[in-house]
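Please follow this explanation alongside the sequence and the three-dimensional view.

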Amino acid sequence: MKIIQIVLNNEILYKKFDYLLPDSMNVVLGSRVIVYIKNKEYIGIVINIKNNTNITQNKLKSLKEILDIQSLFNTSIWSIANKIAVYYQYSIGVILFQALPIYLREKVYSKYIFYNLYWVLNKKLLNNNFKKIKSLKQIIALNILKKIKINYEKISYYGLTNSIMISLQKKNLCFLQKKKYYSSTINKQNIFYNSKIFIKKNDILNKFYNKINIFITWIISGSLIFFENIDLYLNIIRIILYKKKQVLILVPRIYYIIYIYKFLLKKLNVSIYLLNSETSNKENFFIWKNTKNGNIPIIIGTSCSILTSFLNLGLIIVNEEHDIAYKQINKCRYNTRDIAVLRAKTENIPIILGSATLSLETLNNINIGKYKFLSDKYINILYNKYYNFNLININNEKFKNIFSNVLLKKIQKNLNNKNNIMLCINNIGQVNTILCNICYYIAKCSFCKNNYIFYKKKKKLYCSFCKNTILMIKYCLNCNSHSISVIIIEIAQIMHYLNKIFPSILIRYVDKNNILEYDNKTYNKSVIIINSPFFIQNRYSILNITLIAFINIDDIFFSKNFRDMEYFSQYFFRILKNNLKIYKKKEIIIQTNYIQHKFFDKLINYSGYYNLAKFLLKERKLMLLPPFSNHVILIAESYNINYIRIFLNKLKDIFLNKYINDKNFFIMGPMNLLKNKKTILFRKQIILQHLSRNHLHYIIKNIMKIAKKIINFNKIKFIIDVDPIEY
Ligand SMILES: [Zn+2]
Ligand SMILES: [Zn+2]
């Protein structure tokens, strides 16, 4: 009798299930099978084959169908997925399914897999309707469509999104055309370099080349996506391609992809494919297949690409390794950077972590000798050569909105000189309203004149004062303009205020949704508002910015997240570094109530990020905070606050009793988490801290079993966050 163990793509049914393998069937590890649980069909992955089971024979069910005759995972992905499941205490089933394209997670393939869909221009209607289009993105899309059909699967290669195309379709300006799909479209000529390439080797390249076949974590103090250390990066990739190996390039945020994709395509002349949340299911399947069989040499992807199967992976590059976007907040809360290092170790290949503002974790790993510099060590730029720093004490000032008088005067002066100003506003809310792009009027309740709040899901505007609700408006209630945007309420108020003081000035807010529109435009006499950390000016930008002001930053000193000072420092120096390129001395203004704080002394009087980082690391060490200790957060969510209290207190008692003599182990909490406003869920958490990572992982080893004994999981949702970044 053979028993197979399977896992499901399900967080709640996370355990392993035993099934009887009929004698007539043959099954391999890592293949998909179909089973019944309570008369419902599920796809499972075979994770173990054994000869016995604890289940009595009459209760043991047979599996229904075998979907694959060979494993869908190579040995390294299999091993990495298992390590992730253990380290982050998460369902191995969900992690394995995440490594598969969506098509393989379902039983029936989409019917569109046999077709290619193309967006095609509707030429008849174009001339009439073209002029009415106001959105820059839609105009860009139409201009591309004039020249070519755009493959439905590949819109992100043009910097476009589905929603842009659909809004054009609604205006009858384009439509989808279906064409029969024939197998691989990959040009085999463009896979790897066949002829000899000539790279002038220098010491740094030799250093890399000598350890090209072993695991080593290299540090480069600059990111490929910002074209820093660009020749070094290009030559390293060329060397790997020449060795007929594949490269995985990770980016933290989707909008970074398009520039580096175009650049590498031009410089390297090989096939490059993109993997991100915009990638369609079919493209995803195509890439999975062709990366697995070695036909795709380079993948540029966001976090979702980290478990892609490669035939012969030779290098991983992690851009902006410090970026918090790498930390997953849904499902398994892993940090993609850390998984990338784990993957490189498992595959025994080199990995490069790149950033001009390395995270404190990474700096600590350099200090203890775990990671090594490939490029020159810390490059400290003498920012005083490029910027005049000006700390403004707002302690004594009466507030006009959030601008000090000094700042308003400086803005006026720079505008008079026809220059642009950048305002970096920290720590604002998340509630949206509607702002007119022409007259800067904020949509107001017709009864009580309070600002409306915009509800995205219901597409309605809501007055929190008198509870009046109206449908989403299509034009400005003040000037009837159709150019209105959904915007964070505090930002809308700032823009409205600035418009009153500087009526003739263009005021624009840039965030992740419209960043691509702004990159190629020229302005003068304008105020650009950005909200950290989403806006990064790229190298094509030609904005003539002469004043950069940081506003509303004091929260970093009181935040319950001890990492906020680090994040602000990284953001601050990234902005400074990206604006070095235009050679004119600029002014930096920082408004604060705490002008005497040691932090500012390091921020502007020393010569750059690394001296500040050293100071922050020292403070962390003093307080025994990560990276000098390790954290695991246990979160409980429920509609009933009592369930949470009972559960977390019991859990805490168990740990305290068991590890009463361990002086390096601490438990904090239970403490409140911000209540989830969208639902009526209550949330509380306890934080476990230990000086030793191994000890901490030993402590939480069987936590799911322990937790299940305390409470029924119908009553609460239990989340484990290993190496958390939010508190
Ligand atoms: Zn009202
Ligand atoms: Zn208006």
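Over the face of which residue does K708 lie? K708 lies over the face of F713, at 5.9 Å from the ring centre. Likewise, the charged end of K444 sits over the ring of Y441, 5.1 Å from its centre. A charge sits over a ring if NZ of Lys or CZ of Arg is within 6 Å of the ring centre and within 35 degrees of the ring normal.

This is a predicted model, in which local features need pLDDT of at least 70 and side-chain atom pairs count only at pLDDT 80 or more, while totals for chains, interfaces and linings use all residues. Residues are numbered from 1 along each chain as its sequence is written, chains are lettered from A and ligands numbered from 1 in the order in which they are written, and side-chain values use heavy atoms, with hydrogens and water left out.

Rings of Phe, Tyr and Trp (its six-membered ring) pair if their centres lie within 6.5 Å; planes under 30 degrees apart count as stacked, over 60 as edge-to-face and the rest as tilted. By this rule there are 32 aromatic pairs. F285 and W288 form a stacked pair, 6.2 Å centre to centre with 25° between the planes. Both F285 and W288 are buried (under 20% relative accessible area, 1.4 Å probe, protein chains only). The rings of F573 and Y609 have centres 6.2 Å apart and planes at 70°, so this pair is edge-to-face. Because F573 lies in helix α16 and Y609 in helix α18, the pair ties together parts 36 residues apart in sequence. Helices are DSSP runs (H or I, at least four residues), numbered from the N terminus.

How values were computed:
Buried < 20%, exposed > 50% of the residue type's maximum accessible area, 1.4 Å probe, protein only. Helix = DSSP H or I, 4+ residues; strand = E, 2+ residues; numbered from the N terminus.
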